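Dear colleague,

Please find the structure below for your records. A written account of the findings follows directly after it.

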Amino acid sequence: MVIRSGSAHDNLKVMLDILTVSNDSEGILRRRAAKVDDPTSDEMRALIPEMIETMREDGVGLAAPQIGRSIRLFVVEVDGRVSVYFNPVIVRYSEERSVTEEGCLSVPGVWKNVSRPEGIRMEYTDINGKRSTIDAGGFLARVLQHEYDHLEGILFTDRADTEPVDDTLKNAYVI
Ligand SMILES: [Zn+2]
């Protein structure tokens, strides 16, 4: 997930290619991702820093399908805190909902208002292979739900209001 105020970092070490809806020829963004059998494997330990670097270019969250890996893994950075989630399951949603504008590295240039539950409880496996639970509210809960959707093959545009808030489109209607 990206937010409009996201700023590009210029000290990138590794950048992974981002799958977008227009270059996703194998439909990875629309597939349910597979469980990660061993979150502590060397392969995962190598992949995580690359995903974090890539996320930091412009985003606050990045899911593995967005870099062409159809596995249940995403990284998030909210309030300066980076978190890694393997095999997450959202087990509880609040009744209260909120609407906020979202964007996505895989749907470049599009911003839409999305209604989501304000709070969630999510179970996941951490980078040490330990099963944990997080109760999240507000912006963090929104980012977690956006990234979780990627593991289910769901894009934020599926959940968005039909009215686009894409600046380009807005301008197109101002005559
Ligand atoms: Zn996204």
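How many helices and how many strands does the protein chain have? The protein chain has four helices and seven strands, where helices (H or I, at least four residues) and strands (E, at least two) are DSSP runs numbered from the N terminus. Their pattern along the sequence is α-β-β-β-β-β-β-β-α-α-α.

Two remarks on conventions are in order. This is a predicted model, in which local features need pLDDT of at least 70 and side-chain atom pairs count only at pLDDT 80 or more, while totals for chains, interfaces and linings use all residues. Residues are numbered from 1 along each chain as its sequence is written.

Overall figures

Of the 175 residues in the protein chain, 33% are buried. A residue is buried if 20 or more other C-beta atoms lie within 10 Å of its own, exposed if 12 or fewer, and partly exposed in between, with C-beta atoms placed from the backbone. Among contacts with a separation of 6 or more, 70% are between residues 24 or more positions apart; two residues are in contact if their C-beta atoms, placed from the backbone, lie within 7 Å.

The sheet

An open sheet is formed by five strands in the order E1-E2-E3-E6-E7, with antiparallel pairing; two strands pair if DSSP finds at least two bridges between them. E1 and strand E7 (131–137) are at the edges with a single partner strand each, so one side of each has no neighbour in the sheet. On average, neighbouring strands of this sheet are turned by 40° against each other, direction ignored. Axes are lines fitted to C-alpha atoms, for helices over the stretch in contact, and angles run from 0 to 180 degrees between N-to-C directions.

E1 and E2 run antiparallel and are joined by three bridges. Gly 61 has Val 76 of E2 as a bridge partner, and Ala 63 has Phe 74 of E2. Between E2 and E3, also antiparallel, there are six bridges. Here Val 75 stands opposite Val 84 in E3.

The largest nonpolar core has 34 residues, of which Leu 62, Ala 64, Phe 74, Val 75, Val 76, Val 143 and Leu 144 touch the most other members. Such a core is a set of buried Ala, Val, Leu, Ile, Met, Phe, Trp, Tyr and Cys residues joined through C-beta atoms within 7 Å. Two or more residues each come from helix H1 (42–56), strand E1 (61–63), strand E2 (73–78), strand E3 (81–93), strand E6 (119–125) and helix H2 (138–151). The most, six residues, come from H2. Val 76 is in contact with Val 60, Gly 61, Ser 83, Val 143, Leu 144 and Glu 147, leaving aside its neighbours within four places in sequence.

Why is H2 described as largely enclosed by the rest of the structure? The reason is that 12 of its 14 residues are buried. The buried residues of H2 include Arg 142, Gln 145, His 146, Glu 147, Asp 149 and His 150. The end C-alpha atoms of H2 are 21 Å apart, which agrees with the 20 Å that its 14 residues should span at 1.5 Å a residue; the expected span is 1.5 Å times one less than the number of residues. Gly 153, which follows H2, has a positive phi near 80°.

Individual residues

Most residues other than glycine have a negative phi. Asp 79, in the loop between E2 and E3, has a positive phi near 55°. The hairpin of these strands has two residues between them. Asp 79 is exposed, with 7 other C-beta atoms within 10 Å. Asn 87, in strand E3, has a positive phi near 45° and is partly exposed, with 18 other C-beta atoms within 10 Å.

Asp 161 is in the loop between helix H3 (156–159) and helix H4 (167–173). It counts as exposed because it has 12 C-beta neighbours inside 10 Å. Residues up to four places away in sequence aside, Asp 161 touches Lys 112 and Asn 113. The C-alpha atoms of Asp 161 and Asn 113 are separated by 5.8 Å, although the two are 48 residues apart along the chain.

Yours sincerely
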